[in-house]
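Dear colleague,

I am writing to hand over the structure shown below.

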Amino acid sequence: MALKGLDIFKLTPKTNCKECGSPTCMAFAMKVAQGAVELSKCPHMSEEALATLSEATAPPMKTIKVGTGEAEYTLGGETVLCRHEKTFVSKPRYAVSICSADEDIDAKLEAAKKVDYDRIGERMHVEMLYLSYCADKGVDAYVELIKKAADCGKTLVLDCTDVEAAKAALAVCKDAKPVLDGADASNYEAMSAVATEAGVILGVRGADINELYDTTAALEKLGNKNLVLNVGTASVKDAFATTVQIRRAALKDQNRTFGYPSIVNVGALAAGDPTMQAALVSLFTVKYGSIIVMEGMDYAQALPLYGLRQNVFTDPQKPMKVEPGIYPLNGGDENSVCLTTVDFALTYFVVSGELERSGVPCNLIINDAGGLSVLTAWAAGKLSSTSVSKFIQENVEPKVKCRKLIIPGKVAVLKGDIEAKLPGWEVIVAPNEAVQLVKFLKDLQANGEI
């Protein structure tokens, strides 16, 4: 059970040095108990106290890292069942499955690279490859698949319950920190030894949730706590029930034996049905997959799924913002027309995308509006003639010679006040919708107004 603030306070140095960012050691202890700060924020905590507190204050679900470099991902670490309670921590990662028995391996590896785009400043792409071992094809074919997949720059998950095949596969890819998804009731001791020697995360599976629990507990007794739990492919109903029960047991019952991230193979649950797979991915994105495996992914599946994931795994307490400043687009320079909008990330990327599509050189000026949308910022007083004019006087006028400013159509009411506070500037009101900006700018350019 997690310690209370007073229990943590008893082990603090009680110096009230404020170096942790809190005014007193008691305040620090209360924040640690709430999960708001890490113990490591206190520079004077003794090693003995850290050892005592670390286990008790750790999240009920273990945080693990897989992959390396740009392909390193954090899984687990969750503290709530529902996003509105606080926030979700580690977004699920999407994988596509390839088997060593497949005849079109090269084509599947190339297809896994096709979905790759940016949405609101985040790269959306297939992050992992789930590589299944086929005994009929032998170990050499599996190793060859691993070598080809390793060149894709994606994190690998090895679906292999054969100990010798797992050893051979890890011999060529262990430095990339893959997941070895292959421990079950019959081989967990040997698989644990293989995974531990290679320094990789071990996937655990069972015929049902009881066997999964018992095998996980047995691995913990062996000292292996670097695990992910495969929820199985008996049926959609069983996989969903297992995923939810694992999360509830860890978070509500504080049962750390089930406090690990999960693997859900929807490609096996709905084999040959890409529409159902996409539906299941959306289900397990919310409840509660950590690695979600599909047979393949195209843009028709990706666009809604990555949009859902980004929305659900964005911290609702922290607005998505871009840095205030001047963003030249289409080769914009000091003589190019200026446009302004708020710092809400979605607004910025929608507007900047339409501006780039217009091909008209311009400077997009982003003002600090608290991460709110245009109308919300205006209603809250964050977007006003004063804030816009002050930002332009301090940050834009010294750098830009053009004195034409285009403001969002939804705050056309600000036009007169901005012109009054910015002598020499001409304020132009843009259309209400970003999609109308392309024609609007081209018309202004054609008429010689910008």
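I begin with a loop. Y288 lies in the loop that runs between α11 (274–286) and β12 (291–294). The peptide bond that joins K287 to Y288 is cis, with an omega of about -20°. Please bear in mind throughout that this is a predicted model.

N330 is located in the loop between β13 (325–329) and β14. The phi of N330 is also positive, near 55°, and N330 is likewise not a glycine. With a relative accessibility of 29%, N330 is partly exposed.

A207 belongs to the loop between β9 (201–204) and α8 (209–221). Is A207 buried or exposed? A207 is exposed, since its relative accessible area is 63% and the cut-off for this class is over 50%. Between A207 and E122 there are 38 Å in space, from C-alpha to C-alpha, and the two are 85 residues apart in sequence.

Turning to the chain as a whole, the protein chain has 450 residues, of which 47% count as buried. Its secondary structure consists of 17 helices and 17 strands. The C-alpha atoms fill a box of roughly 80 × 65 × 35 Å along the principal axes. The chain exposes about 20900 Å², and carbon and sulfur atoms account for 51% of that area. Of the contacts between residues at least 6 apart in sequence, 65% join residues at least 24 apart.

The chain is divided into three parts: domain 1 (5–57), domain 2 (63–312) and domain 3 (325–446). The centres of domain 1 and domain 2, taken over C-alpha atoms, are separated by 35 Å.

Finally, there is a pocket to report. The second largest pocket has a volume of about 370 Å³. Its lining is made up of 20 residues, and T347, V351, V374, N432 and A434 lie nearest its centre. By class, 12 of the lining residues are nonpolar, 6 are polar and 2 are charged. At least two residues of this lining come from each of β14 (337–341), α13 (345–358), α14 (374–379) and β16 (404–407).

With kind regards

Definitions and conventions: Residues are numbered from 1 along each chain as its sequence is written. This is a predicted model: local features need pLDDT of at least 70, side-chain atom pairs count only at pLDDT 80 or more; totals for chains, interfaces and linings use all residues. Side-chain values use heavy atoms; hydrogens and water are left out. On a 1 Å grid over the protein atoms alone, a cavity is a set of points where a 1.4 Å probe fits but cannot get out, and a pocket is an open set with protein on both sides within 12 Å along at least five of seven lines; lining residues have an atom within 4 Å of a point. Grid points are joined across faces, edges and corners, and a volume is the space filled by probe spheres set on the points. Helices (H or I, at least four residues) and strands (E, at least two) are DSSP runs, numbered from the N terminus. Ala, Val, Leu, Ile, Met, Phe, Trp, Tyr, Cys and Pro count as nonpolar, Asp, Glu, Lys and Arg as charged, and the others, Gly among them, as polar. Buried means under 20% relative accessible area, exposed over 50%, partly exposed in between (1.4 Å probe, protein chains only). Contact means heavy atoms within 4.5 Å. Accessible areas come from the Shrake-Rupley method with a 1.4 Å probe; for residues, only the protein chains shown count as cover. Domain bounds come from an automatic or database domain assignment.
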